[in-house]
Amino acid sequence: MACQSAPVIMDEQALLGLNPNADACYRQRALAYFEQLKESQDAWEMCAEALAKGFYSDDHVKFFCFQVLEHQIKYRHGGLTAAQQQLIRETLMKWLQTQLMNVHQEKPFIRNKAAQVFALTFVREYLTHWPKFFFDILTLIGLNPHGVDIYLRTLMAIDAEVVDRDIMHSVEETRRNTLIKDTMREQCIPSLVESWFQILQAYQQSHSELTCQCLEVVGAYVSWIDLNLIANDRFVNLLLSQMSVEDLREEACDCLFEIVNKGMDPVDKTKLVELLCQVLQSAGFFNVEQEEDVDFLAKFSRLVNGMGQSLVLSWTKLHKAGNVKVATETLRALEAKVPLMLQLLVHEDDDISANIVGFCYEYLHVLKQLPLLTDQQKANVEAIMLAVMKKLTYDDEYNFENEGEDEAMFVEYRKQLKMLLDRLAQVSPELLLEAVRRVFNNTLQSWQTAPFMEVEVAIRLLYMLGEALPASHGAHFTGDATKASTLQEMMRTLVNSGVSEYQHSSVTLEFFETVVRYDKFFIVEPQHIPNVLMAFLDHRGLRHSSPKVRSRVAYLFSRFVKTLHKHMNAFIEDILSRIQDLLELAPPENGFPAMLTSDDQLFIFETAGVLIVYGESPAERKQALMRSLLTPLMDGFRLLLAKLPQEADEERQLVLADCLSHAVGFASRTSKAFSNKQTVKQCGCSEVYRDCLQCFLPALSCPVQRGALRGAVRSFLHRMIICLEEEVLPFIPSASEHMLKDCEPKDLQEFIPLISQITAKFKGQVSPFLQQVFMPLVLAIFEVLGRPAEENDQTAALDKQMLRRSYFSFIQTVTGSGMNEVMANQGAENVERVLFTIIQGAVDFPDPIAQKTCFIILTKLVELWGGKDGLVGFPDFIYKHIVPACFLAPLKPTFDLSDAQTVLTLSECTLTLKMIHLKRGPEFIQFLQQEYLPSLQVSPDITQELCQVLQQPDVKVLKNYMKAFFQRAKL
């Protein structure tokens, strides 16, 4: 070939841009050159020659050449000539040969890229042109360390291409990969295993890095090769000997784990695990307390976990098969590992402990299935219980105020321990209850002198019992007398011990979490409510020094009050006066950090609302309390709203708008205690909420920060429609007018549900208003949908899709609420325009959710207007547009009949046809037979068949028929 006789000439200027520190223009040129070489038919051959002959010493250029070669093999291999494919093979082997002679190895990133290229070539050619791939490589490299390194990296790259289950493959690739594995098993796996043995033996003293690589390869391949090649005395003894070499033992552990994890016959698996355990035990590996290397112990714990889970799986299979004798032996083998499991579970290093949790959990599952536990098994359960209680404890280094990665890992680990505790409760609930009671009582007797972590975990255990010992709707204090009296006794201790005064945030939080988890306790013993209320309200709760505690307590306090509102009557006004300062709208200019964030304040406002509404005061008193709660919000709102338009600084505007939004949100939240207008009226609160509306609505015409203000007022209107019902109606026209001015897609999208809510709730009552607002709203939607957008602007496209859906939902609400006059009275031209958008939505946009809504609308319109006394000209519209839509939409290539949502759309489309038949009768059948279906080239037989199915009463039969009809039509 030309490139082999002439020296390689590459664009040296472009190659300069490969250096990460090069100027942007050089980097740009390098990128363009890379694209040029990739696209060229034979320019890649320069790169191949450069690699084979070692023309370049620059690492970035070598990497670049491999990338060009990789692109050819990955995307163009099928189009290469036999000579070009041969050139790739020769290039790789020549490059490998040079590695054997180099004093210094290539950088790891180049070796990894080379291994990827070898692996890609293997995948493309092993079954066809290069069956001796491994033979050629092994013959060339012998035991040369540089060569062995590339060989092992290539094996890992092949594993990633052919075996790795985390990588998605097409059906064709999966079939090819299976064939490759089958062929390898037949032709070369024994040779590969032998090569691994030789490498492990030769290099365990001199090249620990190569040995570790080889162990990783064995671990990766063992899942799909014949295990007998590895699980034999010769190989296992070699692996076990490497468990004693400091640099190798972690990888050796991982390798043994993969061997143990391989699926096999339960009897053989038990034998294998027992063999490994005997050797490991006799080598002293079970003496965990003498081992100081925690990284190794974490790996060893994972190995023991794998062995334990394998034995559990073997026992389960044998137990199910009724093989009692061997199942009993396997259980004995399993129980023999429990002391080791416990040592690892209770280890002070959480990673070591976490790695054995799986075995522990499954061992408890085995015990749960046994009819009766032996004394030893009961002792094991208790030992696991004590280990879990010990390991749940925080350590001194845990940073509660600034939780980082270590803290997050401990929280995750605690979740695993919680699973063990839940499983313990299933095995022996009495034992767990008694153990927790003992720890709890002992700790709380001397909480003043106990370390915080012990006090926290004692309360935490009481909290965890709530889920571990399930009760319907939290009714822990009824039913089972032992459980109820034990929990009651512990709760009594908790609230009377004074532990809520403990000076550590973790204990404080656990106290409040537990009080709220067992809030039903206070229904049984309401005499404790005042003490707990004080804890919530003073320095222990809402006024704690930690913002994190205050925030969580705000939420827990609202839950506590909601559950126990019937028992709060005596304390309402006292509570309201104590939280008065927490209900202030924090003005943005005072510069003081607020005690609570605005999100936390929402809970306090809701709590205040609940206390007022559910109290036993007369309506006048409730009205006065609600007014005193809401008036400061309205006053603050008016002041801030007057300031906002005069503020020039945008950042300052944003702060003011936020504060205004919070005021509206707080007022809205106070109304959550009301379920409907009746409850608002009974409390005499209608007037104060009307005043709020009057106060908030002017914000809609504010010229700045419209998005935030509109969103807040809109949410308040949604709430008031529920609380004030028709009293809201006078406010709606002017609110709508302002909300439709200069709106963005998102504004409209969020405004439509409000109008839909009003339509669905008030129906005929709002018909005049709807007739008035209908076209302005529709035109605003059309205007926004018609705005040009960048072709690749995904956000804009999604916004428009969501707005289109909202629009169709609105039309559906109007037609579904029996207010056809709203549309009918818009004038013929406007009605036609709206109808065409529905046809367009049904056919043109590939969005099955919107299409389904459109067909529901069409069905309703046919029902309303399609009969003898319907809308003038509508029957004509049915035949010209609705019937074609029912056929054209499902025939579109984007109409995917294997998608569930699309099938639902087809179902609605079928119902539209059924409704047309119901309203137009034989005339419709005649139209299909004589005009429409023949125009689609549907054969007379099929036409006849379709019309017959359409006329019979069973809609389900018609739906199935239409699906089959369109599936056939699309073939």
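View 1. The model is predicted, with local features requiring pLDDT of at least 70 and side-chain atom pairs pLDDT 80 or more, whereas totals for chains, interfaces and linings use all residues. Residues are numbered from 1 along each chain as its sequence is written, and side-chain values use heavy atoms, without hydrogens and water. The largest pocket has a volume of about 550 Å³. Of its 22 lining residues, Glu348, Asp350, Asp395, Asp406 and Phe410 are the closest to the centre. Two or more lining residues come from each of α19 (350–354), α21 (375–391) and α22 (405–427). Helices are DSSP runs (H or I, at least four residues), numbered from the N terminus. A pocket is an open set of points on a 1 Å grid over the protein atoms alone, where a 1.4 Å probe fits, with protein on both sides within 12 Å along at least five of seven lines; lining residues have an atom within 4 Å of a point. The volume is the space filled by probe spheres set on the points.

**View 2. The second largest pocket has a volume of about 470 Å³.** Its lining comprises 21 residues, with Tyr394, Arg414, Glu456, Arg460 and Glu510 nearest the centre. Helices α22, α24 (452–468), α26 (505–517) and α29 (547–563) each give two or more residues to this lining.

**View 3. Thr98 lies in helix α6 (residues 82–101).** Thr98 is partly exposed because its relative accessibility is 24%, the class between buried (under 20%) and exposed (over 50%), with a 1.4 Å probe and protein chains only. The Thr98 side chain reaches the backbone oxygen of Trp95 at 2.5 Å. Gly147, 49 residues from Thr98 in sequence, is 9.5 Å away in space, C-alpha to C-alpha.

How values were computed: Polar contact = N/O pair within 3.5 Å; in protein donor to acceptor, adjacent residues only side chain to side chain.
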